[in-house]
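Dear colleague,

I am handing over the structure we spoke about, and I would ask you to look through it before reading my notes below.

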Protein chains: 2
Amino acid sequence: MSTETHEQRREAQRDLARRTILDATEELLLEAGYDDFSIRRLVERCGYAAPSIYHYFGDKDGLLDALIEERFAKLAAQLKRVPRGADPVANIRGLAVAFVRFGLKNPTHFRLLFTPRAGDTKPPPSGEESRKLIEETLVALWDAGRLRTGDPQTAGQALSLLCQGLVWGRISRPDFDWSKTLTEDSIDALLRGLVAPDEAAKRSAGETV
Amino acid sequence: MSTETHEQRREAQRDLARRTILDATEELLLEAGYDDFSIRRLVERCGYAAPSIYHYFGDKDGLLDALIEERFAKLAAQLKRVPRGADPVANIRGLAVAFVRFGLKNPTHFRLLFTPRAGDTKPPPSGEESRKLIEETLVALWDAGRLRTGDPQTAGQALSLLCQGLVWGRISRPDFDWSKTLTEDSIDALLRGLVAPDEAAKRSAGETV
DNA sequence: TTGCCGTTGTAACGCTGTTAGCTAGCTTGC
DNA sequence: GCAAGCTAGCTAACAGCGTTACAACGGCAA
């Protein structure tokens, strides 16, 4: 019986240490920016020595990956909170706009999430959840027979790459004179090009959408 | 008279040194990749000591900027070589596809050109020329009254950010199962959404949509 | 010749990610 | 109770990075 509580306590301590380090990582990251983040600074702040960090996360990349995983979850949660109606086009538009908003609002996180880091060795953290959310909605569009391109996958990739470009460009050049309505306009334009005219849906709105 | 030839000779040597360093930089960059490039390695290869490099380029960023400027010129030259016909839509499509092709073919250069580096201090090297080329063509579209969005600038930004996204996503995740027709399909879709149906243009080009 | 300026090299500074090797404490087997 | 083993943590160091203080060499002007 003491064995079990011991293991539990040990695991709890493990989790505590990981949490402490991760929180300090995020704090420092947001405070100093992606490029001025360093293990040494993290060490100064988090109360643990460098080898402990390497003990828990193996690597600087491992540490950042752990944080990224959490942040992707937050992004997915934010996307899930987007209200979904009957019109799949409006749904996908809402998701795309929310995605871009998220990126523009949290540039450091976005950069962390979508910049491939130096060593390409390990598989990059997925962010599958949010990607799947978008894809599902597109499949719904496809099922409604309103997709113009061959397959929903291509459409999904086009849309998500446009969104990434929308965020990326504006993050990397905040000073540039970007159009105020760029996000909405470009997403709308792409959707117009991807989606067949909705008149069929307008006439009989009660159908399976 | 000796003054002039002296100055000329001096300048020639300057240029020679710069060329030598820049060539070695590019060579090493392509060979080792962006992340494994370092001044020390460059020093080993190019025959000059570190302070000389700093003497000529001031900075690691300055060195890379100099290279970037040249590469942007190459990209612009490549875009200029794209055949241009009477149809502005086909022209803009050709430019966009050529841009993406360039990016996919020269990932290291692309990364260098379009990744903002650590210190955001200095203004990033422009690449104005190639951007203007695209914008001009879009203005031609606008003049033909076939643009759906409010202004050609927004359209141009949307298109160029889509193209950047197209390259960027595939560079950063070469293993992902990208659609084979992604480039053409997504560019076509965006253009479909941006451009008014050409029938109106065929019948009477003067209308506003 | 003397002095200046531009070009180059040596050697170092301060920073980075990372790790070898040690200590302290807890748990298990005898 | 005591030695063995495991884990978590630290100190101190290594190799590499961008960068620069400083010295030395060269050709030109006075």
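A residue is called buried here if 20 or more other C-beta atoms lie within 10 Å of its own. By that rule, 31% of the 209 residues of chain A count as buried, and please keep in mind that this is a predicted model.

Among the contacts in chain A with a separation of 6 or more, 68% come from residues 24 or more positions apart.

One helix that I followed in detail is α9 of chain A, which covers residues 182-194 and reaches 18 Å from its first C-alpha to its last, close to the 18 Å expected at 1.5 Å a residue. Because 11 of its 13 residues are buried, α9(A) is largely enclosed by the rest of the structure. The buried residues include L182(A), I187(A), L190(A), L191(A) and L194(A), but also D185(A) and D188(A). What do they pack against? Their partners are α5 (88-105) and α8 (152-172) of chain A, together with α8 (152-172) and α9 (182-194) of chain B.

The other region concerns DNA strand C, which has 20 residues around it, with S38(A), I39(A), R40(A), K60(A) and A49(B) coming nearest. Elements of both chains give two or more residues to this surface, namely α1, α2 and α3 of chain A and α1 and α3 of chain B. The most comes from α3(B), with four residues, and the surface as a whole divides into nine nonpolar, five polar and six charged residues.

With best wishes

Conventions: Residues numbered from 1 in each chain as written. Chains lettered and ligands numbered in written order. Predicted model: local features only at pLDDT ≥ 70, side-chain atom pairs only at ≥ 80, totals over all residues. Expected span 1.5 Å × (residues − 1). Buried ≥ 20, exposed ≤ 12 C-beta atoms within 10 Å, placed from the backbone. Contact = placed C-beta atoms within 7 Å. Near = placed C-beta within 6 Å. Nonpolar A, V, L, I, M, F, W, Y, C, P; charged D, E, K, R; others polar.
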